[in-house]
Amino acid sequence: MKSLSPLAGKTILIIGEPSFLSDGAKQALIACQASVAGPVVVSSAMECLSEGLVFEAAIIDVGISDQAMLWLNEWLEARGIPFVFAHDQRSKPPPGGFILSDRPADIDAMIAALFGPDLSYYH
């Protein structure tokens, strides 16, 4: 029997413009047994979070405004919700950054950061 993915049964909130989450990346997350919420734009995300949207982790577009990034960072850290900032697969990220794509290595890197053994960091 195949073991369950660390994403199994978890809802992952995607925060960014609609084009941030490609169909391939969404299907890769679903293949890992996750539910995907979003993508939601930053202004809607702030409203959804304030109204009690339930999710276990977030993947946030690194291209959002600095003010929104700081607000999301503080809000998520205060609630102990793991998150990562990522680039979409169309942009050329600096070395070492997370990429939201359908490539297994990219998905595995985000899963490890969000739900791996070292949960002491969020991004």
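1. Gln 33 is placed in the loop between helix α1 (23-31) and strand β2; helices (H or I, at least four residues) and strands (E, at least two) are DSSP runs, numbered from the N terminus. The phi angle of Gln 33 is positive, near 70 degrees, in a residue other than glycine. Most residues other than glycine have a negative phi, and most peptide bonds are trans. With a relative accessibility of 38%, Gln 33 counts as partly exposed, a class that lies between buried (under 20% relative accessible area) and exposed (over 50%), for a 1.4 Å probe and protein chains only.

2. On the basis of the note: the model is predicted, so local features need pLDDT of at least 70 and side-chain atom pairs count only at pLDDT 80 or more, while totals for chains, interfaces and linings use all residues. Residues are numbered from 1 along each chain as its sequence is written, and side-chain values use heavy atoms, with hydrogens and water left out.

3. The chain has four helices and five strands, and from the N terminus on these elements follow the order β-α-β-α-β-α-β-β-α. Of the 123 residues in the chain, 44% are buried. Among contacts (heavy atoms within 4.5 Å) between residues at least 6 apart in sequence, 65% join residues at least 24 apart.

4. The peptide bond that joins Gly 38 and Pro 39 is cis, with omega about 15 degrees.

5. Strand β1 is mostly covered, as four of its five residues are buried. β1 and β2 run parallel and are joined by four bridges; strands pair if DSSP finds at least two bridges between them. Leu 13, which is placed in β1, has Ala 37 of β2 as its bridge partner.

6. Leu 13 counts as buried, at 1% relative accessibility. Leaving aside neighbours within four places in sequence, its contacts are Ala 37, Val 40, Leu 49, Leu 53, Phe 55, Ala 57, Ala 58 and Ile 59. Leu 13 and Ile 59 are separated by 46 residues in sequence, yet their C-alpha atoms are 6.3 Å apart in space.

7. The largest nonpolar core holds 23 residues, of which Leu 7, Ile 12, Ile 14, Leu 29, Ile 59, Leu 100 and Met 110 touch the most other members. Such a core is a set of buried Ala, Val, Leu, Ile, Met, Phe, Trp, Tyr and Cys residues joined through side-chain atoms within 4.5 Å. Two or more residues come from each of β1, α1, β3, β4, β5 (98-100) and α4 (104-115). Helix α4 gives the largest share, six residues. Apart from this core lies another, of 19 residues, among them Leu 13, Ile 15, Ala 37 and Trp 75.

8. Beyond its neighbours within four places in sequence, Leu 100 is in contact with residues including Ile 14, Phe 20, Leu 29, Ile 59, His 87 and Met 110.

9. Helix α3 has 13 residues and spans 18 Å from its first C-alpha to its last, close to the expected 18 Å; the expected span is 1.5 Å times one less than the number of residues. Ala 68, Met 69, Leu 72, Asn 73, Trp 75 and Leu 76 of α3 are buried. The buried residues of α3 pack against β1 (11-15), α2 (42-50), β3 (57-61) and β4 (83-88). Gly 80, with a positive phi near 65 degrees, follows α3.

10. The structure has two aromatic pairs. In one of them, the ring centres of Trp 71 and Trp 75 are 6.4 Å apart and the planes are at 25 degrees, so this pair is stacked. Rings of Phe, Tyr and Trp (its six-membered ring) pair if their centres lie within 6.5 Å; planes under 30 degrees apart count as stacked, over 60 as edge-to-face and the rest as tilted. Trp 71 and Trp 75 are four residues apart in α3 (residues 66-78), which means a separation of about one helical turn. Trp 71 is partly exposed, at 29% relative accessible area, whereas Trp 75 is buried, at 13%.

11. The rings of Phe 83 and Phe 85 have their centres 5.6 Å apart and their planes at 85 degrees, so this pair is edge-to-face. Both Phe 83 and Phe 85 are buried.
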